[in-house]
Amino acid sequence: MTDRASATAELSTDDPLTQPFRGASPYDEYVRATLLNNLQQPLTEAADEMGFLITTQVMELWFTLIVYEWRAARDAFRADELDAAMDALMRSRRGLKALNESWAPIASLTPVQFNGFRAAFGKASGFQSAMQRHMEFLIGQKSAALLRAHSGDPYVHKGLSEAHEEPSLYDEVLNFLHRRGYPVPEHVRERDVTAPYESDPGVVEVWRRIYAGPQHHPLLRLGELLTDVAEAITRWRLDHVMVVRRAMGAKPGSAGSAGVKYLEERAAIAVFPELWEARGAV
Ligand code: HEM
């Protein structure tokens, strides 16, 4: 039998742990929890809006982490540091897993539940997420039109312009493979990096060679890690389609697109396309 105090583990006022903090706690100074937890301002009384808003905010945070890791991976490839690049890609893979699991609170909204707050946010749409565009630019899905859409907001536009003008993570992977002796065509290495990346037969052949070769080769592991990343991105897009189809069927989107049809087309865009095409040639 334990005595009552230890059974409840109650802390007393003279316990060092419970001495008052001076101002904000060290936790709050570091995590900014008070600030973060005051960023939820639903526009309606609808029961489901808070879950929708927080899910969206949480996803924005995961986008930020993923961008951070992909930039780290890209810089490491540029410096020929394969181990550091793989570490960053593995961290991003965990972030993507968490991102994809974040749909849960809104995964089964009914049209009436969604209609309960939809009109209140007007033309707001994830379509306008600058951090999502940052992710797309980093994987090579560049778009001058989507960059231009943010030109009215100088801070956001500056960050996005840089990502648009810099080589993508995938560009740096291909440059790295070339320096490792793989014949990545010159027109791919010298390409205009502000243009959307398009599949190239020479790069398919590079990956085919890697995949057909020794099965424990470090560059095959790299190919698989990039494939995991590509698959996770596409899964996020497909889950988004499913959530949207449940919540609003074939209605147009709040940003003005055709809604589900538009999202299905976007989800069909292959990420790191040659990694998928090479599989058919091994
Ligand atoms: C009930 C939940 C949701 C619905 C019904 C919905 C609906 C839509 C629709 C219809 C579009 C197409 C653009 C438009 O015309 O508005 C879109 C785009 C987008 N949404 Fe959502 N969305 C939901 C949740 C989310 C969440 C939680 C996020 C996370 C940030 C998100 C991020 C995005 C992004 C990034 C796009 C742009 C996709 C692209 O252009 O490829 N959405 N959404």
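Predicted model: local features only at pLDDT ≥ 70, side-chain atom pairs only at ≥ 80, totals over all residues.
Student: Let's start with open space. Which residues are the closest to the centre of the largest pocket?

Tutor: Happy to start there. The largest pocket holds about 1100 Å³ of space. Its lining is made up of 45 residues. Of these, the closest to the centre are F52, S125, G126, F127 and H240.

Student: Which helix gives the largest share of the lining of the largest pocket?

Tutor: Several helices take part: α4, α6, α7, α13 and α14 each supply at least two residues. By class, the lining divides into 22 nonpolar, 16 polar and 7 charged residues. The largest share, 9 residues, comes from α4.

Student: Now the second largest pocket. Which helix gives the most to its lining?

Tutor: This pocket has a volume of about 430 Å³. Among its 16 lining residues, M131, H134, Y155, V156 and G159 are the closest to the centre. Helices α4, α7 and α9 each supply at least two residues of the lining. The most, 6 residues, come from α9.

Student: How many charged residues are in the lining of the second largest pocket?

Tutor: Let's go through the classes in turn. The lining has 7 nonpolar residues and 5 polar ones. For charged residues, the count is 4.

Student: Is E136, a salt-bridge partner of R266, buried or exposed?

Tutor: The closest N and O atoms of E136 and R266 are 3.3 Å apart. The two residues come from helices α7 and α14, 130 residues apart. The relative accessible area of E136 is 4%, and the cut-off for burial is under 20%, so E136 is buried.

Student: And why does K261 count as exposed?

Tutor: K261 forms a salt bridge with E265, at 3.2 Å from N to O. Both lie in helix α14, 4 residues apart, about one turn of the helix. E265 is partly exposed, with a relative accessible area of 49%. K261 counts as exposed because the cut-off is over 50% and its relative accessible area is 52%.

Student: What is the nearest side chain of opposite charge to R118?

Tutor: R118 lies in helix α6. Beyond its neighbours within four places in sequence, R118 is in contact with M248, K251, P252, G253 and S254. R118 is buried yet has no salt bridge. At 12 Å away, the nearest side chain of opposite charge is E49.

Technical notes
Residues numbered from 1 in each chain as written. Heavy atoms only, no water. Buried < 20%, exposed > 50% of the residue type's maximum accessible area, 1.4 Å probe, protein only. Lys, Arg positive; Asp, Glu negative; His and termini not counted. Salt bridge = Lys/Arg side-chain N within 4 Å of Asp/Glu carboxyl O. Contact = heavy atoms within 4.5 Å. 1 Å grid on protein atoms, 1.4 Å probe; cavity = no way out; pocket = protein on both sides within 12 Å on 5 of 7 lines; lining within 4 Å. Points joined across faces, edges and corners; volume = space filled by probe spheres on them. Nonpolar A, V, L, I, M, F, W, Y, C, P; charged D, E, K, R; others polar.
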